[in-house]
Amino acid sequence: MLRIKLFLITAVVALLAAGAAYADNGPAKMHYWFLGKLTTTPANGLVSISVEGGNKAALRAMLGQPVTQSFAYGDNTEFLQWNEGIPTVVQAGNLAAGDYVRVNVRAPRGATLAEIEQVQSSIVGDHGPTLFKPTQPLYLFRGRLTAIGSSSVTVDVSGGDRRALRLLIGQSSTQTFTVGGETIFLVWQGKVPSVIDLAHLTIGDRIVVRIRADRGSSLADIQAKAATKVAEREPKA
């Protein structure tokens, strides 16, 4: 009887996993992003770029394809124009040919490039005619905001990039980070970010803290340096 029960439990778990993989009447979706120069101002539902980079899934889809590709956009696509780290919501016609843009698409895992291009982009971000390449590596901490000081935020850290999480080995998950006059504060409403100030952060909300510091910095070094950006309710993608 015990063996039968274990078999039934295993079968149920397998069915649940299969159901999750095919949510929304199709295979699980994943994030693809492509970075490149805009070849022309977006029009007629298409964003055309000369691809120069992207995440692993995007570049895998690009194998054997020309660098110039066109991606669909529609009523649900958000166009953002970034200036010194601050985003502004704009219209498709505000993007200029020659600017570097990042096209974000959610499409089924393993989709072909043609299939990805037919899905309406979720966000198209214009980063201007030149890409800023930071001289210091990024330390990213993700968690819940637990306290706000006059020049600090305290976070119950639950995730982050590898460089940041390595510093937390053997440390408390609750950490305090410095913010200053150069820190950009953002709050995301769905896919749209807005600029706010320190006082308008909300205790208990999800938060992402980004800090640029020297490679090999200690946790104390990171905490003493003002964050470059603090984003509330930022989508994980």
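The legends below describe close-up views of one predicted model.

In this predicted model, local features require pLDDT of at least 70 and side-chain atom pairs count only at pLDDT 80 or more, whereas totals for chains, interfaces and linings use all residues. Residues are numbered from 1 along each chain as its sequence is written, and side-chain values use heavy atoms, with hydrogens and water left out.

**View 1. The chain as a whole contains five helices and 14 strands.** Helices (H or I, at least four residues) and strands (E, at least two) are DSSP runs, numbered from the N terminus. Of the 237 residues in the chain, 41% are buried; buried denotes under 20% relative accessible area, exposed over 50%, and partly exposed the range in between (1.4 Å probe, protein chains only). Among contacts with a separation of 6 or more, 65% are between residues 24 or more positions apart, a contact being heavy atoms within 4.5 Å.

**View 2. Seven strands form an open sheet with mixed pairing.** The strand order is β3-β2-β1-β6-β7-β4-β5, and two strands pair if DSSP finds at least two bridges between them. Because β3 (68-72) and β5 (86-90) stand at the edges with a single partner strand each, one side of each is left without a neighbour in the sheet. From one strand to the next the twist averages 40°; axes are lines fitted to C-alpha atoms, for helices over the stretch in contact, and angles run from 0 to 180 degrees between N-to-C directions.

**View 3. Strands β4 and β7 run parallel.** Four bridges join β4 (residues 78-83) to β7 (residues 123-126). Glu78 has Ile123 as its bridge partner in β7. In general, strands of a sheet pair through backbone hydrogen bonds, either parallel or antiparallel.

**View 4. The largest pocket has a volume of about 1,700 Å³.** Of the 40 residues that line this pocket, Trp82, Arg102, His127, Arg210 and Lys229 are the closest to its centre. At least two lining residues come from each of β1 (29-38), β4, β6 (100-108), β7, β8 (138-148), β11 (184-189) and β13. On a 1 Å grid over the protein atoms alone, a pocket is an open set of points where a 1.4 Å probe fits, with protein on both sides within 12 Å along at least five of seven lines, and lining residues have an atom within 4 Å of a point. Grid points are joined across faces, edges and corners, and the volume is the space filled by probe spheres set on the points.

**View 5. Arg210 lies in strand β13 (residues 206-212).** Arg210 has a relative accessible area of 17% and therefore counts as buried. Its side chain makes a polar contact of 2.7 Å with that of Glu234; such a contact is a pair of N or O atoms within 3.5 Å, and within protein one must be able to donate a hydrogen and the other to accept it, residues adjacent in sequence counting only if both atoms are side-chain atoms. Not counting residues up to four places away in sequence, Arg210 touches Leu138, Tyr139, Leu140, Ala227, Thr228, Lys229, Ala231 and Glu234.

**View 6. Glu84 and Arg233 have positive phi values.** Glu84, in the loop between β4 and β5, has a phi of about 55° although it is not a glycine. With 73% relative accessibility, Glu84 is exposed. Arg233, in the segment after β14 (229-232), has a phi near 55° and is partly exposed at 25% relative accessible area.

**View 7. Thr130 is found in the loop between β7 and β8.** Thr130 is exposed, with a relative accessible area of 60%.
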